[in-house]
Amino acid sequence: MRVAKEAETNRSGLVLGSRKLEGKVPLRSRLGNSLTRLVYRLATRSAVYDTQTGLRAYSDKLIDRLIEIEGSRYEYEMNMLMELARDGCDIEEVWIDTVYIDNNSASHFDPIKDSVKIYAEIIKFCASSILSFGVDYGLFCLLSVMTGSLVLSNVFARIVSGTINFTLNKKVVFKSKTNTAFAALNYFALAVFILICNTLVLKGLTSLGITVYAAKIIAEIILFIFNYVIQHSFIFKREVKTT
């Protein structure tokens with residue numbers, strides 16, 4: 001009733017009945033919500049405490065937008081939060097009691113299958129990054145041996161791997177319809193910034209006595225999350241649909 005009342009007041013937004021997840025909460029529910037909350041915040045820069053609640057209310061003003069969103073079951077519920085946050089839609093939370101019967105044994109949530117669907121975009125981004133890193137790391141090691149120049153090897157390897165990464169991220173990961181030239185320009189600017197940071201981290205780590213090959217892996221891990229957030233939120237940001 002509290003959620004419905006709030007939805008009557010906030011007719012242009014989405015209202016969530018959010019659980020505080022206090023007391024005797026099944027471990028998989030607590031961990032699942034914590035992980036999803038973190039991924040959601042990184043992807044949208046919006047804070048929602050209970051991303052997995054099924055108690056949601058909205059007015060008929062949102063229906064046209066909601067039927068455009070792809071997915072089903074838990075995948076759809078997560079896609080709804082992601083897309084509405086990107087649209088700038090107001091998302092309100094109303095606290096409700098947390099009640100689990102028989103340790104939530106009746107839940108239809110499949111920890112593996114449904115998690116893969118929920119985190120599909122970030123999983124594809126990881127796969128794209130790993131593939132590009134393999135190319136980057138292989139060329140870096142090869143050129144380091146051939147030229148003996150850390151900077152030259154890092155720059156050339158990044159140009160090749162960056163081209164592969166841009167293509168995969170635009171067409172496969174984010175499926176962005178952003179103008180290719182505009183996206184490429186922004187991606188290039190980000191790549192230059194990441195390259196500078198990467199090189200500085202490399203030099204800093206090697207000065208501490210860490211081998212150049214181990215330092216390369218550490219530097220990539222440090223910059224991974226920053227790279228994802230910028231590409232997702234700015235470079236390959238999906239166009240807002242209006243109805």
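**Helix packing and a pocket in a predicted model**

Good morning. Helices α6 and α7 are roughly antiparallel to each other.

Two packed helices are described by the angle between their axes and the distance between the axes. For α6 and α7 the angle is about 160°, and the axes are 8 Å apart. The crossing of α6 past α7 is right-handed. In the contact of α6 with α7, 15 residues are nonpolar, 10 are polar and four are charged.

Helices α8 and α9 have axes 9 Å apart and pack at an angle of about 155°. The cut-off of 145 degrees applies here too, and α8 and α9 are therefore roughly antiparallel to each other. Their crossing is right-handed. The contact of α8 with α9 comprises 18 nonpolar, five polar and two charged residues.

The protein has nine helices and three strands. Along the sequence, the order of these elements is α-β-α-β-α-α-β-α-α-α-α-α. Of its 243 residues, 41% count as buried.

I turn now to the second largest pocket. Which helices each supply at least two residues of its lining? They are α6, residues 120–147; α7, residues 150–173; α8, residues 180–207; and α9, residues 212–235. The volume of this pocket is about 700 Å³. Its lining consists of 28 residues, and those nearest the centre are R158, S161, N165, Y187 and N227. By class, 17 lining residues are nonpolar, eight are polar and three are charged. As to how such spaces are found, rolling a probe the size of a water molecule over the atoms shows where empty space is left.

D97 sits in the loop that joins β3, residues 91–96, to α5, residues 113–118. Is D97 buried or exposed? Its relative accessibility is 68%, so D97 counts as exposed, the cut-off for that class being over 50%. The C-alpha atom of D97 is separated by 8.5 Å from that of L21, although these two residues are 76 residues apart along the chain.

Thank you for your attention.

How values were computed:
Residues are numbered from 1 along each chain as its sequence is written. This is a predicted model: local features need pLDDT of at least 70, side-chain atom pairs count only at pLDDT 80 or more; totals for chains, interfaces and linings use all residues. Side-chain values use heavy atoms; hydrogens and water are left out. On a 1 Å grid over the protein atoms alone, a cavity is a set of points where a 1.4 Å probe fits but cannot get out, and a pocket is an open set with protein on both sides within 12 Å along at least five of seven lines; lining residues have an atom within 4 Å of a point. Grid points are joined across faces, edges and corners, and a volume is the space filled by probe spheres set on the points. Helices (H or I, at least four residues) and strands (E, at least two) are DSSP runs, numbered from the N terminus. Ala, Val, Leu, Ile, Met, Phe, Trp, Tyr, Cys and Pro count as nonpolar, Asp, Glu, Lys and Arg as charged, and the others, Gly among them, as polar. Axes are lines fitted to C-alpha atoms, for helices over the stretch in contact, and angles run from 0 to 180 degrees between N-to-C directions. Angles under 35 degrees count as roughly parallel, over 145 as roughly antiparallel, 65 to 115 as roughly perpendicular and the rest as oblique. A crossing is left-handed if the near helix is turned anticlockwise from the far one by less than a right angle, and right-handed if clockwise. Buried means under 20% relative accessible area, exposed over 50%, partly exposed in between (1.4 Å probe, protein chains only).
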